[in-house]
Amino acid sequence: MEIYRKVVTVRFAELRIRDHVETEGFGGFWHPGIGQEGLQVGAIAAMRPEDYLYYAHRGLGYAYAKGMDMVPLFGDLLGRAVGSTRGKGGGTVHFASAEHGVLGQGGTLGSNFVLGAGTALASQLRGDGRVTVVFFGDGASGRGTWHEAALQASVWKLPVVWVCENNGWALSARFEDQSPTPHVADRASAYGMPGVIVDGQDALAVRDATADAIERARRGEGPTLIEAKTLRIRGHYEGDRQPYREDQVKDDEIPNDPVHRLGALIPDEQRRTIDGDARRYVEEAFAAALAAPRPDTSVIYEDVWA
Ligand SMILES: Cc1ncc(C[n+]2csc(CCOP(=O)(O)OP(=O)(O)O)c2C)c(N)n1
Ligand SMILES: [Mg+2]
């Protein structure tokens, strides 16, 4: 029930942002995660609140699932002072909340692989029992940083779980044109870790696979690579007309829609109540963020390391 509530909340947030981008525009790129909410929420449902998360750029489902409120998330996206970075980040890769273990991301895809191995090493040295989960796409899986982080994490049995969202596309490049093997998970064996393939549209299956990997990591047995098979529903960014793509999908015809799959498990009346509450929560949070002031220019040098 709780997973459904979060998935449907993220779906409404996705649709709200899509509408806003269409009518008002957007400062930067919005990479819609519509259709991938189930795997994002499902995997994170297996984490403890104190575990560390490095999310990917496709939507805001990860950070919400990890416990962040929608107001700071929308605030960051809209460049408002109520954002978790007080509106200074902008775009989809600059949420952060140390309190929720949401450690941010970066515009350079793959920079978080080595950071993820780093927080896992910190947890191992401190013996704090925390696990780090790192999300990334099929395209990012080709970065050299993944391979070095995966090797070292495996040799040192670091408590990290790699979750690859294979949606078949990296911008305009098909997965088949970027990988010599049919699955990203095939690469796990080179680093002596399990490579698990799971249906990314099945939130509960992703939750279970991630729970197994997290337990293994907590026991000190090292990393796991999970590959969740999913589909990129919209363009790479909102507004991408995808001239390179023939298999375009409509928002209301999402194959194996994770919202419908979970919703089918819940009695109608209860589901309608959850949906209504989620829709209201998203509308109110979006309105609150939109009404908030933009950051004052005087804060520009705050939080700058050097
Ligand atoms: C190192 C680096 N190279 C290229 C880019 C530009 N870029 C942003 S997203 C993206 C596609 C990533 O594809 P994938 O990892 O499969 O994630 P998806 O967008 O499908 O969720 C690219 C090429 C970048 N941000 N960083
Ligand atoms: Mg991809």
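Analyst: Start with helix H2 (residues 37-44) and helix H7 (residues 203-218), whose axes come within 7 Å and cross at roughly 35 degrees. Axes here are lines fitted to C-alpha atoms, for helices over the stretch in contact, and angles run from 0 to 180 degrees between N-to-C directions. This is a predicted model, where local features need pLDDT of at least 70 and side-chain atom pairs count only at pLDDT 80 or more, while totals for chains, interfaces and linings use all residues. Residues are numbered from 1 along each chain as its sequence is written, and chains are lettered from A and ligands numbered from 1 in the order in which they are written. Helices (H or I, at least four residues) and strands (E, at least two) are DSSP runs, numbered from the N terminus.

H2 and H7 cross in the right-handed sense (near helix turned clockwise from the far one by less than a right angle; anticlockwise is left-handed). On the H2 side, Gly-38, Leu-39, Val-41, Gly-42 and Ala-43 take part. They meet Ala-203, Leu-204, Val-206, Arg-207 and Thr-210 in H7. Contact means C-beta atoms, placed from the backbone, within 7 Å. The H2 and H7 contact has six nonpolar, three polar and one charged residue. Ala, Val, Leu, Ile, Met, Phe, Trp, Tyr, Cys and Pro count as nonpolar, Asp, Glu, Lys and Arg as charged, and the others, Gly among them, as polar.

Next come helix H1 (residues 2-24) and helix H9 (residues 268-291). Their axes come within 9 Å and cross at roughly 45 degrees. H1 is therefore oblique to H9. Angles under 35 degrees count as roughly parallel, over 145 as roughly antiparallel, 65 to 115 as roughly perpendicular and the rest as oblique. The crossing of H1 and H9 is right-handed. H1 brings Tyr-4, Arg-5, Val-8, Thr-9, Phe-12, Ala-13 and Arg-16 to the contact. Their partners in H9 include Ile-274, Asp-275, Tyr-281 and Phe-286. Nine residues of the H1 and H9 contact are nonpolar, one is polar and four are charged.

Now helix H5 (residues 111-126) and helix H6 (residues 144-155). Their axes come within 7 Å and cross at roughly 15 degrees. That makes H5 roughly parallel to H6. The crossing of H5 and H6 is left-handed. Ser-111, Phe-113, Val-114, Gly-116, Ala-117 and Ala-120 in H5 are in contact with H6, where Trp-146 and Glu-148 are among the partners. The H5 and H6 contact has seven nonpolar, four polar and one charged residue.

Now the sheet. It is open, has five strands in the order E1-E2-E3-E7-E6, and pairs in parallel. Strands pair if DSSP finds at least two bridges between them. Strand E1 (52-54) and strand E6 (195-199) are the edges. Strand E3 (residues 160-166) and strand E7 (residues 224-229) share six bridges. Glu-165 faces Ala-228 in E7.

Last, the ligand. Ligand 1 has 17 residues around it, and Leu-109, Gly-137, Gly-139, Ala-140 and Ala-170 come nearest. To be near, a residue needs its C-beta atom, placed from the backbone, within 6 Å. This shell has five nonpolar, nine polar and three charged residues.

How values were computed:
Contact = placed C-beta atoms within 7 Å.
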